Amino acid sequence: MEGYGSGGGDLLSEAMCSGARVVVVEDCVDAPGAFVLHLLLKRALAGGGGGGGAALLALAQPFSHYDRVLRKMGCNLSVHRKSDRLHFFDLQAFPGGASGGGIADSLAQLYNSVRRAVEANRAKESDGRFTVMIDDVSLLEVAANGSADDVLDFLHYCVTLTSEMNCSLVVLVHEDIYSSEDGVGLLLHLRYIADLVIRAAPLSTGLAADVHGQLSVVNKGMMLSEQRLAKGQKVWNFHFKVKENGAEFFYPGSRH
């Protein structure tokens, strides 16, 4: 049993590729995956641990929520925000009534704002990698009046940014929303562009008091060819328990 952030030896850190540029977190109503975002956000802001700052595009929760949750984990978002290590984009009212071509324009303006945040971080010559995080791609599609094409265009620009600016992109998507064939396109595209897929799911055996669910981490590796990519792909499966100050990860049957 290992807690996240206990020196880099926990199961989630072990499963994640340090070179992954695009990370997709999938969850469902029976196994929310927001705790994974909290853990990755803390790591992105950690001084001396590879973190180089972050931009959080928040559609699901306000700043006060994240500040409260991360504070319990020993990370003060207010301090990071004041020092410009955290760029917080409150998108709960996004795009403010825009429609038609206005949606695409609003997303383009949002991308430009994110790009400026990344450029500002690079100007500081930070050693760590900057992280762009979207806390709910599903709500971004809702904000875009259901235009998956506009959302995909926005994500494409963000992915391009990861290679141009040596930053990473982390997005959360609700898998159960895209369970129908009509809506699966966005989910499949996210899986395609991801270097790493972290999937939170309920236990197959049902509810348990000391286990909140299971994580499947698909690390596609940093290979160049399709043949080498298939050989390099690796999958981890382990259980998790969410705590106020983080999370515990452990293999099935390892807890007594």
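Two strands pair if DSSP finds at least two bridges between them. I kept that rule at hand for the strand entry below.

**Ground rules.** I am reading a predicted model, where local features need pLDDT of at least 70, side-chain atom pairs count only at pLDDT 80 or more, and totals for chains, interfaces and linings use all residues. Residues are numbered from 1 along each chain as its sequence is written, and side-chain values use heavy atoms, with hydrogens and water left out.

**Strands.** I looked up S5 (residues 129-134) and found four bridges joining S5 to strand S6 (residues 168-174), the two running parallel. Strands here are DSSP runs of E with at least two residues, helices are runs of H or I with at least four, and both are numbered from the N terminus. Across from Val132 I found Leu169 in S6.

**Aromatic pairs.** I searched the whole structure and noted six aromatic pairs. Rings of Phe, Tyr and Trp (its six-membered ring) pair if their centres lie within 6.5 Å; planes under 30 degrees apart are stacked, over 60 edge-to-face, and the rest tilted.

Phe63 and Phe88 make an edge-to-face pair, with 5.2 Å centre to centre and 80° between the planes. Phe63 is in helix H3 (residues 63-72) and Phe88 in strand S4 (residues 86-90), so this pair ties together parts 25 residues apart in sequence. Phe63 counts as buried at 15% relative accessibility, and Phe88 counts as buried at 12%.

Next I checked Tyr111 and Tyr157, a tilted pair at 5.5 Å centre to centre and 40° between the planes. Tyr111 sits in helix H5 (residues 101-123) and Tyr157 in helix H7 (residues 148-165), so the pair ties together parts 46 residues apart in sequence. Tyr111 is buried at 11% relative accessibility, while Tyr157 is partly exposed at 47%.

**Around Phe63.** I went back to Phe63 and saw that ring pairs link Phe63, Tyr66 and Phe88 into a cluster. Which residue lies over the face of Phe63? Arg81 does, at 4.4 Å from the ring centre (the rule: NZ of Lys or CZ of Arg within 6 Å of the centre and within 35 degrees of the ring normal).

**Leu77.** Leaving aside neighbours within four places in sequence, I found Leu77 in contact (heavy atoms within 4.5 Å) with residues including Phe63, Tyr66 and Leu41.

Key. Buried < 20%, exposed > 50% of the residue type's maximum accessible area, 1.4 Å probe, protein only.
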